[in-house]
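Please keep the structure open and find each residue as it comes up.

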Amino acid sequence: MGVVDRREAEDFLRRFHAEQPGAGDVQRRVRAVRAEIDRTGTYEHTAEELAFGARVAWRNAARCIGRLYWRSLVVRDLRQVTAADDIAAHCFEHLRRADNGGRIRPVISVFAPDRPGRPGPRIVNDQLVRYAGHRAPDGRWTGDPRSASLTALAVAQGWKRSEDPFQVLPLMVGERHGARPEWYELPDDAVTEVTLSHPDHPWFAELGLRWYAVPAISDMTLEIGGVRYPAAPFNGWYMGTEIGARNLADAERYDLLPVVAARLGLDRSSERTLWRDRALVELNVAVLHSFQEAGVTMADHHTESGRFLRHIEREGRLGRATPADWSWIVPPVSGSATPVFHRYYDPVDASLRPAFLPRTP
């Protein structure tokens, strides 16, 4: 939250003007920004610079396989919003707009930035929608173990949890860094959930599983030209394996592979029967089937892998590298059956900007 680095600001402005040739005189803009930094310790992006920076931050996101559509990101300029009540209301509107009647669209809502001596607001939740999780005295989990600390924080502030394994957590917002967050129940019309079923196994619906439609990440800082926006929730749409192979299947999450395998009647006496693999495939079939039946946008890992290679090819024609973290790009199901498995990628450059960065304490 110190003074903005003039070199970072200038590097961004020159990139913006290079890729947006109609943006005007770059030297005039650089001089104005230098003067503003000298006077205030920071500077204000134009609406066009903000939108460009947010989209390029997505383009630079080395862990994201869905970057082909980075230009389509809808940027909501909410930099004048600082009050927790208003931030929460705009986050709920973000979810409504992103949901778009099931035709999920990529959206980012950018709230007030950090300024020298005046830190911006923070959203405590790692996603705008998350399910609560807590451990019972007998050691069994209810809900999502990943959300245990957030659930405990909400309960400590007066929120009432239930025994529903898919209870939506409240949104917690702090008006500035270090401030005690306020909590807000998410309105029903802001959260679309998909009930899970299987095309071939009627019993699957009896498991009572569901998942939310919009994966809106809310605990990362958007950095553009040295200016940091600590509250800038953004979303794309789900790839099926994110839910079917991780959220519902990981042993430290909902751990449903043994449950599904038992209902399938699989032999679990040995790992060599590959019961986990077979249950994992059927769980993913159910997720893809259910979202399709509900009319909610979702990509499968084979299609999304092909799209990512198209993105790399397109960026290469424009003379731009595409940094990628192989361990995140390769899907957690049937990795070697997808084209992204069988190649190397440009190395990840931690200094690449604009970028979405892990939240600093």
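The numbered points below go through cavities, a helix, salt bridges and some backbone details.

1. A word on the source comes before the details. The model is predicted, so local features are reported only at pLDDT of at least 70 and side-chain atom pairs only at pLDDT 80 or more, while totals for chains, interfaces and linings use all residues. Residues are numbered from 1 along each chain as its sequence is written, and side-chain values use heavy atoms, with hydrogens and water left out.

2. A cavity here is a set of points, on a 1 Å grid over the protein atoms alone, where a 1.4 Å probe fits but cannot get out, and its lining residues have an atom within 4 Å of a point. A volume is the space filled by probe spheres set on the points, which are joined across faces, edges and corners.

3. The largest cavity holds about 50 Å³ of space, and its lining consists of Thr42, Tyr43, Glu44, His45, Arg79, Gln80, Pro113, Arg115, Val227 and Tyr229. By class, this lining has four nonpolar, three polar and three charged residues, where Ala, Val, Leu, Ile, Met, Phe, Trp, Tyr, Cys and Pro count as nonpolar, Asp, Glu, Lys and Arg as charged, and the others, Gly among them, as polar.

4. The second largest cavity has a volume of about 40 Å³, and around it stand Leu95, Val129, Ala190, Val191, Thr192, Tyr212, Ala213 and Val214.

5. Which residues of helix H7 are buried? In H7, which spans residues 257–264, they are Leu257, Val260 and Ala261. They lie on the same side of the helix, because they cover an arc of only 100 degrees around its axis. Buried means under 20% relative accessible area, exposed over 50%, and partly exposed in between (1.4 Å probe, protein chains only); the arc is that of the directions from the helix axis to the C-beta atoms. Helices (H or I, at least four residues) and strands (E, at least two) are DSSP runs, numbered from the N terminus. The buried residues of H7 pack against helix H8 (275–294), and just after H7 glycine 265 takes a positive phi of about 75 degrees.

6. The structure holds 28 salt bridges, each being a side-chain nitrogen of Lys or Arg within 4 Å of a carboxyl oxygen of Asp or Glu. One of them joins the side chains of arginine 146 and aspartate 126, at 3.5 Å from N to O. Arginine 146 lies in the loop between strand E5 (141–143) and helix H5 (148–156), and aspartate 126 in the loop between strand E3 (122–123) and strand E4 (133–135), so the pair ties together parts that are 20 residues apart in sequence. Aspartate 126 is buried, at 17% relative accessibility.

7. Another salt bridge brings together aspartate 164 and arginine 210, at 2.7 Å from N to O. This pair links distant parts of the chain, since aspartate 164 is in the loop between H5 and strand E6 (171–174) and arginine 210 is in strand E9 (residues 210–212), 46 residues apart. Aspartate 164 counts as partly exposed, with a relative accessibility of 28%.

8. Arginine 246 and aspartate 250 also meet through their side chains in a salt bridge, at 2.8 Å from N to O. Arginine 246 is partly exposed at 39% relative accessible area, whereas aspartate 250 is buried at 14%.

9. Asparagine 60 sits in the loop between helix H3 (47–59) and strand E1 (74–77), and it is buried, with a relative accessible area of 15%. Apart from neighbours within four places in sequence, asparagine 60 is in contact (heavy atoms within 4.5 Å) with Arg67, Pro323, Leu352, Arg353 and Pro354. The peptide bond from arginine 353 to proline 354 is cis, with omega near -5 degrees, and proline 354 belongs to the loop between helix H10 (326–329) and strand E14 (355–358).

10. Serine 334 is also placed in the loop between H10 and E14. Its phi is near 50 degrees, a positive value in a residue other than glycine, and serine 334 is partly exposed at 39% relative accessible area.

Terms used
On a 1 Å grid over the protein atoms alone, a cavity is a set of points where a 1.4 Å probe fits but cannot get out, and a pocket is an open set with protein on both sides within 12 Å along at least five of seven lines; lining residues have an atom within 4 Å of a point.
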